[in-house]
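Here is a short report on one protein chain. Look at the sequence and the model first, then read on.

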Amino acid sequence: MSRYKHLFFDLDHTLWDFEANSKKTWSILFKNNRLDEVITPDFEAFYASYSAHNHKLWQRYHHGYITQEQLRYKRMWHTFLDFKFHNEHLANQLSDEYLDILPLQDEVFDYTYEIIDYLKGKDYRLHLITNGFEKVQNRKLVNCGLDKSFEAVITSEAAMALKPKKEIFEYALKLTGANLNESIMLGDNLDADIKGAMNVDMDTVFVNHIQAKTDLKPTYTIGHLKELEDIF
């Protein structure tokens, strides 16, 4: 019998397939804005550049080195620079359009809906802790049908702290009335989710969809969401 009662999930890259949805969004933007004519005909190269900059800048955002607005703009501007293209107006426009279209996408990882139903059927209390932008995350949840799945959605904006800082986890525990020894964090990001939860001595499940290597010692590691049935 599991001692856990409160399961705190990450959203992006854990349940909601960020890469698939982001790529789909950029394929729409690329076509609608004729970026093949003004920047490069090579969509794959463009998207690879954007993804690399987005990943690096999110890491900086997690640690408070840049603001939300800087993240939104810089990932676009740095991608433009890779193709020796300069257009500040278009960079801002695409940044806005991206956040309008991205939450409309609904790709989730295999077995997401099934595992949520399984866990709720066993009376676990499910919550989200996310560093994603609050309005964007809420729209994602609605459009992929997960908006009724979680009792509490804890965002970095509401907590005024970003994962991996301990304050967001402390805020989540207080908001939900969860005891630490009955709580566990489930996420894909070794820094934000796993190290972050370890900062408050919370148990962890590393959701390792991409088979990443790590020296960290999560409480559990899984490669597919169905494996959660072996834990809970």
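## Charges

The chain carries 27 positive and 36 negative charges, and their mean positions are 3 Å apart. Lys and Arg count as positive, Asp and Glu as negative; His and the chain ends are left out. Each charge is placed at NZ of Lys, CZ of Arg, CG of Asp or CD of Glu.

## Basis of the model

This is a predicted model: local features need pLDDT of at least 70, side-chain atom pairs count only at pLDDT 80 or more, and totals for chains, interfaces and linings use all residues. Residues are numbered from 1 along each chain as its sequence is written, and side-chain values use heavy atoms, without hydrogens and water.

## Overall build

The chain has ten helices and six strands. These are DSSP runs numbered from the N terminus: helices are H or I with at least four residues, strands E with at least two.

Of the 232 residues, 52% are buried. Buried means under 20% relative accessible area, exposed over 50%, and partly exposed in between, with a 1.4 Å probe and protein chains only.

## Aromatic pairs

The structure holds 17 aromatic pairs. Rings of Phe, Tyr and Trp (its six-membered ring) pair if their centres lie within 6.5 Å; planes under 30 degrees apart are stacked, over 60 edge-to-face, and the rest tilted. Tyr4 and Phe232 have ring centres 5.9 Å apart and planes at 70°, so this pair is edge-to-face. It links distant parts of the chain: Tyr4 sits before β1 (6–9), Phe232 after β6 (220–222), 228 residues apart. Both residues are buried.

Ring pairs also join Trp26, Phe30, Phe43, Phe46, Tyr47, Tyr50, Phe83 and Tyr98 into a cluster.

## Backbone exceptions

Most residues other than glycine have a negative phi, and most peptide bonds are trans. The bond from Lys163 to Pro164 is cis, with omega near 15°. Pro164 lies in the loop between α8 (156–159) and α9 (166–176).

His13 has a positive phi, near 75°. His13 is in the loop between β1 and α1 (18–32) and is partly exposed, at 28% relative accessibility. Gln211 also has a positive phi, near 55°. Gln211 lies in the loop between β5 (203–207) and β6 and is exposed, at 54%.
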